[in-house]
Amino acid sequence: MLKSALIVVAVSIAAGATIRAWAFAIFAFLVVAAMGVVILLKGSSLPDAIVSCLQLLVLMEICYLAGLFAFSLWGHIQKRRSRKRNAIADRPHATGKPPHG
């Protein structure tokens with residue numbers, strides 16, 4: 001179960017950077033349903049399987065939001081850096097001559 005949870009965490013974080021929320025919701029539902037079936041086939045009771053699935057779903061949602069926030073912040077920082085570099089590069093050199101025009 002731990003290996004499955006780690007894989008789900010990694011995929012959810014990566015999904016935060018690449019796919020829309022509705023697509024992730026469908027993906028999360030399918031993953032949780034499949035995990036529920038696996039847990040039931042291993043011989044757990046239905047209430048235990050439901051609790052495990054809800055825990056997994058909450059973990060997936062938290063990781064998706066963390067990935068979404070982290071990659072959005074990274075993009076914002078990169079955009080800001082690029083604006084600063086362009087602003088410095090576009091500044092006219094002080095030569096003492098009036099601009100042409």
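Q: What makes up the largest nonpolar core?
A: The largest nonpolar core consists of eleven residues: Val8, Ala15, Phe24, Ala28, Val31, Val32, Met35, Cys53, Leu56, Met60 and Tyr64. The term denotes a set of buried Ala, Val, Leu, Ile, Met, Phe, Trp, Tyr and Cys residues joined through side-chain atoms within 4.5 Å. Helix 1 (2–18), helix 2 (21–41) and helix 3 (46–90) each supply at least two of its residues, and helix 2 gives the most, with five. Helices are DSSP runs (H or I, at least four residues), numbered from the N terminus.
The model is predicted: local features need pLDDT of at least 70, side-chain atom pairs count only at pLDDT 80 or more, and totals for chains, interfaces and linings use all residues. Residues are numbered from 1 along each chain as its sequence is written, and side-chain values use heavy atoms, leaving out hydrogens and water.

Q: How do you know whether Trp22 is buried or exposed?
A: The relative accessible area of Trp22 is 61%, so Trp22 is exposed. Trp22 is placed in helix 2.

Q: What share of the protein chain is buried?
A: Of the 101 residues in the protein chain, 19% are buried.

Conventions. Buried means under 20% relative accessible area, exposed over 50%, partly exposed in between (1.4 Å probe, protein chains only).
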